[in-house]
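Here is a short report on some strands and aromatic rings. Take a look at the model before reading on.

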Amino acid sequence: MENDLPCRICQPVTALTRWFAVVVFAPALLLLSSFRADAQSAAASTFQQSGVSWVPAVPIGITAGVDAGYDDNVTLTPNAQGSLFGRENLVLTYSSASTRTQFYLLGVGRFTQFFDVTGQDETSGNITLGFTHNFSTRLFLYASVYASYQKEPNFNSNIGPENVRAAHFDTEDNLALTYYWMPRLSSTTSYTFSRVDYAEESIGNSQNRFDNTIGERLQFSLTTRTNVSADYRYEIVNYDTAPLDSTTHYLLLGVDHHLTEHLVIRADGGESIRSLQNQGISTSPYFEGSLDYLSSNHTLSWVTRYGFEAPNAEDVSIRKTWRTGLLLKYDLSSRLSSTVAAFYQHDQNQGGTSDGPQDSIDITLGLSYVIRRSLILHIDYSHTSETALQSMPAYSRNRYSAGLSYTY
């Protein structure tokens, strides 16, 4: 189970601004940002809940951009093939809010052309829909839909193998209903549906699956700065072909605490018990946590998670993964800002011929400069590396790019 369940409304992550944040980091933030139990926070900025802190002054915003750069390993192989590339981007945002209801939409579309390597061009996109409604002062509803289609591997979530470029579709849909029994005591009933579907049959045979998770969370406010919680989740994973169907129980205790006005820490931990088809029962500690800091000119968001995940190699039945990610944005001046995104993943694979560890690193550095209010220049660098695991070879990749974006 990759994402946090919707029993927590997405916490604001204001680290990344403007179009650069929307196009480059929004999908990662959507998958990594944790949820909050307090459904009243749904009335806060829903764009921030998606990892986007810049919102157009009008309900509808359209941003178009072009990038050019160089990728030194387009095919993600030990024998790297480099290529110049060009990319066109289009972003659509919509936000509507009333006293009791909020709705937002974020859509991103891209077309990437590689000039020196054939067969690697990509048309990709993702869409996020979010909805919150306050039925009363006690009852709150939160719903969201995230859907994505792309070729690039996803290092920020449990989607599939990180060593291949292959067209795939994934979706993560959340529904949560929170009720306040007393001013300090609330319960949240949640449901999450996810789907992973690879177009290439050789990968889809081991990766295509449905995931359904229900959860119940009780939260009690000890003080105005500290909440404690107890959480139960039940997850059912069904594969289209692979004999890896499973059910998992999660028993967790949690706390979130405002250390200062600007610094918030959250943590949930406990035990997970997985029953795997024809292979008995496995147990594993489970932990997820986050730390967020917000100031006038810089923001920091760190998330981490450890527990069961779906295997990303064909001959592995059990995988335990530690994921951690850091997002930092620093305003160097009123026009110039810098961003850093770093993600690390450590897998421990069991139950097949590909037993053993595997590590992934994905780092992005960026500078963006506001030429004028609607026109932004950005320069970016990213590095990706993957260690070997039997049939999955090691590789390293560097990408350099620069581009312009304009908001209408």
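## A tyrosine in a strand

Tyr381 is partly exposed, with a relative accessible area of 26%. This is a predicted model. Tyr381 forms an aromatic pair with Tyr400.

Tyr381 sits in strand β19 and Tyr400 in strand β20, so the pair ties together parts that are 19 residues apart in sequence. Tyr400 is also partly exposed, at 42% relative accessible area.

Strand β19 covers residues 375-386. In a regular strand the side chains alternate between the two faces of the sheet. The uncovered face of β19 includes Tyr381, along with Ile379 and His383. Among the residues on the covered face are His378, Asp380 and Thr384.

β19 pairs with strand β18 (residues 356-372) in the antiparallel sense, over 12 bridges. A hairpin of two residues joins β18 to β19. Thr384 in β19 is the bridge partner of Asp362.

β19 also pairs with strand β20 (residues 395-407), again antiparallel and over 12 bridges. Here Gly403 in β20 is the bridge partner of His378.

## Other rings

How many aromatic pairs does the structure hold? There are nine. One of them joins Tyr179 and Trp181. This pair is edge-to-face, with 4.8 Å from centre to centre and 80° between the planes. Tyr179 is partly exposed, with a relative accessible area of 28%.

A charged residue meets a ring too. Arg195 lies over the face of Phe210, 4.1 Å from the ring centre.

Terms used
Residues are numbered from 1 along each chain as its sequence is written. This is a predicted model: local features need pLDDT of at least 70, side-chain atom pairs count only at pLDDT 80 or more; totals for chains, interfaces and linings use all residues. Side-chain values use heavy atoms; hydrogens and water are left out. Buried means under 20% relative accessible area, exposed over 50%, partly exposed in between (1.4 Å probe, protein chains only). Helices (H or I, at least four residues) and strands (E, at least two) are DSSP runs, numbered from the N terminus. Two strands pair if DSSP finds at least two bridges between them. Rings of Phe, Tyr and Trp (its six-membered ring) pair if their centres lie within 6.5 Å; planes under 30 degrees apart count as stacked, over 60 as edge-to-face and the rest as tilted. A charge sits over a ring if NZ of Lys or CZ of Arg is within 6 Å of the ring centre and within 35 degrees of the ring normal.
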